[in-house]
Amino acid sequence: MDGTFDLMSRYGSGTAEVFRYYSETERDKVTGNRRLLYAELQYCIHHEMTVTAADFLLGRTGWMLYDREKAERLMHETLSLMGMFLEWDREEFGRQRSLLEKLATQVWEESYRIPDESNGSGKKRQEERRKAGEARIYA
């Protein structure tokens, strides 16, 4: 599995437990990188008292600070999986989404809205951000 070092640096001796969650996850139910996210969230919820997507994306993984592209790519999926694991109702899901958007706005110092993955707007926004970044670099 790629990223073992990253997992060990995040979870230390808990990495074995993350791998256990990963191996127990049904392959037909969850695949690829989503399977690893699924396992990490399970571990963080059950062993690290992670109760919000902000806890996970900022505090536990640091992706919001150090890997914005990954954080943006996984925000919606993180919210969805945590909502399922923690049995959030529609109101709580909306509250969690709003909290995460406010945090992203603070961290990234610009207004931010989590893209709706169901209509493909997330990939389009990522591509626009990448191109804008390249334009600044090569300007």
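Is Tyr 43 buried or exposed, going by its relative accessibility? Tyr 43 is buried, at 8% relative accessibility. Here, buried means under 20% relative accessible area, exposed means over 50%, and partly exposed is in between, with a 1.4 Å probe and protein chains only.

## What you are looking at

This is a predicted model, where local features need pLDDT of at least 70 and side-chain atom pairs count only at pLDDT 80 or more, while totals for chains, interfaces and linings use all residues. Residues are numbered from 1 along each chain as its sequence is written, and side-chain values use heavy atoms, leaving out hydrogens and water.

The chain has eight helices and zero strands. Helices (H or I, at least four residues) and strands (E, at least two) are DSSP runs, numbered from the N terminus. Of the chain's 139 residues, 39% count as buried.

## The core

The largest nonpolar core holds 33 residues, and Phe 56, Met 64, Met 75 and Leu 100 touch the most other members. Helices α1, α2 (15-24), α3, α4 (53-60), α5 (63-66), α6 and α7 each give two or more residues to this core. The largest share, eight residues, comes from α3. A nonpolar core is a set of buried Ala, Val, Leu, Ile, Met, Phe, Trp, Tyr and Cys residues joined through side-chain atoms within 4.5 Å.

Take Met 75: leaving aside residues up to four places away in sequence, Met 75 touches Leu 57, Met 64, Leu 100, Ala 104, Trp 108, Tyr 112 and Ile 114. Contact means heavy atoms within 4.5 Å. Among contacts in the chain between residues at least 6 apart in sequence, 53% join residues at least 24 apart.

## Aromatic pairs

Back to Tyr 43, then. A search of the whole structure turns up four aromatic pairs. One of them joins Tyr 11 and Tyr 43, with ring centres 5.3 Å apart and planes at 75°, so the pair is edge-to-face. Tyr 11 sits in helix α1 and Tyr 43 in helix α3, so this pair ties together parts 32 residues apart in sequence. Tyr 11 is buried too, with a relative accessible area of 5%.

Tyr 38 and Phe 85 also make an edge-to-face pair, 4.9 Å centre to centre with 80° between the planes. Since Tyr 38 is in helix α3 and Phe 85 in helix α6, the pair ties together parts that are 47 residues apart in sequence. As for the cut-offs, rings of Phe, Tyr and Trp (its six-membered ring) pair if their centres lie within 6.5 Å; planes under 30 degrees apart count as stacked, over 60 as edge-to-face and the rest as tilted.

## Charges

The structure has nine salt bridges, each a side-chain nitrogen of Lys or Arg within 4 Å of a carboxyl oxygen of Asp or Glu. Glu 40 and Arg 10 form one of these, at 3.0 Å from N to O. Glu 40 belongs to helix α3 (residues 32-47) and Arg 10 to helix α1 (residues 4-11), so the pair ties together parts 30 residues apart in sequence. Glu 40 is buried at 2% relative accessibility, and Arg 10 is buried at 16%.

Glu 72 and Arg 68 form a salt bridge as well (3.6 Å, N to O), and both are buried. Arg 68 also lies over the face of Trp 108, at 4.2 Å from the ring centre. A charge sits over a ring if NZ of Lys or CZ of Arg is within 6 Å of the ring centre and within 35 degrees of the ring normal.
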